[in-house]
Amino acid sequence: MNHELEKYIVFKISDCLMSLPMDNVLKVINTPPTASGWNAMGLVQIGNHTIRIVDLHQQLNADRDSPSLVSTVPDRQSFLVITRPLARELCGIIVDEPPNLVELSRDMIHQLPQSNRQLQMVSHAAIISDEEVTTTIFMLDLQQLLNPVG
């Protein structure tokens with residue numbers, strides 16, 4: 001068993017807990033007010049940076065037809081988890097509450113079977129068991145999230 005701990009940012013999207021390795025997160029900020037043109041394009045301008053917005057709420061709601069990355073930046077107070085997948089452009093994931101920092105050991109993380117994955121953007125899950133409560137945290141695969149196949 002590998003008990004080496006790694007740090008993850010964990011945030012709630014709909015009824016699911018999602019996470020990213022801390023190494024993939026550049027910053028967490030309040031979602032800034034946006035100009036209408038930027039909003040419609042799924043982009044937000046922060047300082048000199050244009051950031052692509054990803055709304056995971058939309059992808060988790062199966063009743064919506066369109067699997068597009070974003071429709072609008074919400075009017076409610078929310079936060080952006082800013083990431084830079086590899087050397088690509090900045091990306092902001094909209095979350096409703098400030099994320100938490102969690103340490104997980106590798107033996108808590110399990111790969112999900114590809115054929116059984118409802119969402120291709122999730123590659124692994126961590127199972128945390130405390131006395132009476134079991135919590136599942138889904139690990140986002142940024143490459144699949146930003147470059148879905150098919």
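Two strands are taken to pair if DSSP finds at least two bridges between them. Helices (H or I, at least four residues) and strands (E, at least two) are DSSP runs, numbered from the N terminus. The structure is a predicted model, in which local features need pLDDT of at least 70 and side-chain atom pairs count only at pLDDT 80 or more, whereas totals for chains, interfaces and linings use all residues. Residues are numbered from 1 along each chain as its sequence is written, and side-chain values use heavy atoms, with hydrogens and water left out.

By the pairing criterion, strand β1 (residues 5-13) and strand β2 (residues 16-21) are antiparallel partners, joined over six bridges. Together β1 and β2 form a hairpin with two residues between them. In the turn, serine 14 has a positive phi of about 50°.

Accessibility was classed as buried (under 20% relative accessible area), exposed (over 50%) or partly exposed (in between), with a 1.4 Å probe and protein chains only. The C-alpha atoms of serine 105 and leucine 5 are 4.4 Å apart in space, although the two residues are 100 residues apart in sequence. A polar contact is a pair of N or O atoms within 3.5 Å; within protein, one must be able to donate a hydrogen and the other to accept it, and residues adjacent in sequence count only if both atoms are side-chain atoms. Such a contact, of 2.4 Å, joins the side chains of serine 105 and aspartate 107. In strand β10 (residues 122-130) lies serine 123, which is buried at 10% relative accessibility. The side chains of serine 123 and histidine 124 are joined by a polar contact of 2.8 Å.

With a salt bridge defined as a side-chain nitrogen of Lys or Arg within 4 Å of a carboxyl oxygen of Asp or Glu, the count comes to two. One of them joins the side chains of arginine 106 and glutamate 6 at 2.6 Å, N to O. Arginine 106 lies in the loop between β8 and β9 and glutamate 6 in strand β1, so the pair ties together parts that are 100 residues apart in sequence. Both residues are partly exposed, arginine 106 with a relative accessible area of 46% and glutamate 6 at 22% relative accessibility. Another salt bridge is formed by the side chains of arginine 52 and glutamate 89 (3.2 Å, N to O). This pair links distant parts of the chain, 37 residues apart, with arginine 52 in strand β5 (residues 49-54) and glutamate 89 in the loop between β6 (79-83) and β7 (91-95). Glutamate 89 is partly exposed, at 39% relative accessibility.
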